[in-house]
Amino acid sequence: MSGRKLTDAEIHEKLPSISGWTLANGKLHKNFECKDFVDAFTRMTKVAFAAESLNHHPDWSNVWNKVVIDLNTHSVQGISSLDFQLAAKINEIFGT
């Protein structure tokens with residue numbers, strides 16, 4: 001299900017399709033700010049269900065209203081199309 005590791009050229013070509021995401025340390029990276037902790041946690045819960053449906057899980061952290069998410073595909077040791085799929089779903093959930 002993980003597909004293959006995307007080339008740097010493929011990653012840079014796809015990056016504009018996921019608004020606000022950047023590359024950091026070989027991962028897709030984005031910071032989100034919510035209105036408060038409950039809002040952040042609610043959105044993280046929705047992301048958890050989306051991630052589980054793809055069997056693809058983020059590296060993330062949360063402090064009060066801030067959520068930091070990094071995506072890469074461990075099985076290919078890099079970024080795959082699954083990371084872009086999950087990033088797009090995360091953007092929908094966070095409304096960005």
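Modeller: K66 counts as partly exposed, at 43% relative accessibility; buried means under 20% relative accessible area, exposed over 50%, and partly exposed in between, with a 1.4 Å probe and protein chains only. This is a predicted model, in which local features need pLDDT of at least 70 and side-chain atom pairs count only at pLDDT 80 or more, while totals for chains, interfaces and linings use all residues. Residues are numbered from 1 along each chain as its sequence is written, and side-chain values use heavy atoms, with hydrogens and water left out.

K66 forms a salt bridge with E33, their closest N and O atoms being 4.0 Å apart; the term denotes a side-chain nitrogen of Lys or Arg within 4 Å of a carboxyl oxygen of Asp or Glu. Because K66 lies in strand β4 and E33 in strand β2, the pair ties together parts that are 33 residues apart in sequence. Strands (E, at least two residues) and helices (H or I, at least four) are DSSP runs, numbered from the N terminus. E33 is exposed, at 60% relative accessibility.

The whole structure holds four salt bridges. Another of them joins the side chains of K27 and D59, at 3.3 Å from N to O. K27 belongs to strand β2 (residues 27–33) and D59 to strand β3 (residues 59–63), so this pair links parts 32 residues apart in sequence. K27 is partly exposed at 23%, and D59 is partly exposed at 29%.

Within helix α2 (residues 37–54), D39 and R43 stand four residues apart, which means about one helical turn separates them. Their side chains meet in a salt bridge of 2.9 Å, N to O. D39 is buried, at 17%, whereas R43 is partly exposed, at 23%.
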